[in-house]
Amino acid sequence: MADTLVTGPDTGPVTIPVDELPFDPTVGWRKSPSVALRPEPFGALVYHFGNRKLSFLKSQPLVAVVKALEAHPDVASTLRACEVPEAQHPAYVTALATLARSQMIEVRA
């Protein structure tokens, strides 16, 4: 995912770094092709070969959600398909937003 060029109200074109873009759960996401998941008893290690960032997914259900993102039209449908309880959806959206900021997941084209 590349930086985004937007036009500010008084500033003209402004480039916003990808890690500062707001997370939009209403669009389709996927695990970045540059990312590898290594299963662990606690969940998974997530490594981005491009930016060399390492993250931890601290539960097996979150790992399942990240793997399932590409098969669903948006985050809500992914969470439902993975049987994440409705009360836990906000926490999962927060986790996915963190993964998006570190480029572990990306918007599907």
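Before I start, the cut-offs I sort residues by: buried is under 20% relative accessible area, exposed is over 50%, and partly exposed is in between. I also keep in mind that this is a predicted model.

**Entry 1: the chain overall**

I counted three helices and seven strands. Reading along the sequence, I get the order β-β-β-β-β-β-α-α-α-β. I looked up how much of the chain is buried, and it is 34% of the 109 residues. For the surface, I noted an accessible area of about 6,500 Å², with 58% of it belonging to carbon and sulfur atoms. Then I checked the contacts between residues at least 6 apart in sequence: 50% of them join residues at least 24 apart.

**Entry 2: the core**

Which residues have the most contacts inside the largest nonpolar core? I found F23, W29, L57, V66, L96, L99 and I105, in a core of 21 residues. Each of β5 (43–48), α1, α2 and α3 supplies at least two of the core residues. The biggest giver is α3, with five residues. That made α3 my next stop.

**Entry 3: helix α3**

I checked the length of α3 first. It runs over residues 89–101, and at 1.5 Å a residue its 13 residues should span 18 Å; the end C-alpha atoms are 18 Å apart, so the two agree.

Next I listed the buried residues of α3: H89, Y92, L96, A97, L99 and A100. They cover an arc of only 160° around the axis, so they sit on the same side of α3. I reminded myself that an α-helix has 3.6 residues a turn, so residues three or four places apart point the same way. On the other side of α3, I have P90, A91 and T94 as exposed.

What covers the buried residues of α3? My list includes β3 (29–31), β6 (54–57), α1 (60–68), α2 (75–81) and β7 (105–107).

I then picked out L99, one of the core residues with the most contacts. Leaving aside neighbours within four places in sequence, I find L99 in contact with S55, L57, V66, M104 and I105. Of these partners, L57, V66 and I105 are also on my list of core residues with the most contacts.

**Entry 4: positive phi**

Just after α3, I came across Q103. Its phi is positive, about 65°, although Q103 is not a glycine. I place Q103 in the loop between α3 and β7. Buried, exposed or partly exposed? At 23% relative accessibility, Q103 falls between the 20% and 50% cut-offs, so I log it as partly exposed.

I have a second case in E83, another residue that is not a glycine, with a positive phi of about 60°. E83 lies in the loop between α2 and α3. Its relative accessible area is 69%, so I call E83 exposed.

**Entry 5: G50**

Last, I went to the loop between β5 and β6, where G50 is found. With a relative accessible area of 57%, G50 is over the cut-off and so counts as exposed. How far apart are G50 and S34 in space? I get 6.2 Å, C-alpha to C-alpha, for residues that are 16 apart in sequence.

Notes
Residues numbered from 1 in each chain as written. Predicted model: local features only at pLDDT ≥ 70, side-chain atom pairs only at ≥ 80, totals over all residues. Heavy atoms only, no water. Helix = DSSP H or I, 4+ residues; strand = E, 2+ residues; numbered from the N terminus. Expected span 1.5 Å × (residues − 1). Buried < 20%, exposed > 50% of the residue type's maximum accessible area, 1.4 Å probe, protein only. Arc of directions from axis to C-beta. Contact = heavy atoms within 4.5 Å. Areas by Shrake-Rupley, 256 points an atom, 1.4 Å probe, with all protein chains shown as cover. Core = buried A, V, L, I, M, F, W, Y, C linked by side-chain atoms within 4.5 Å.
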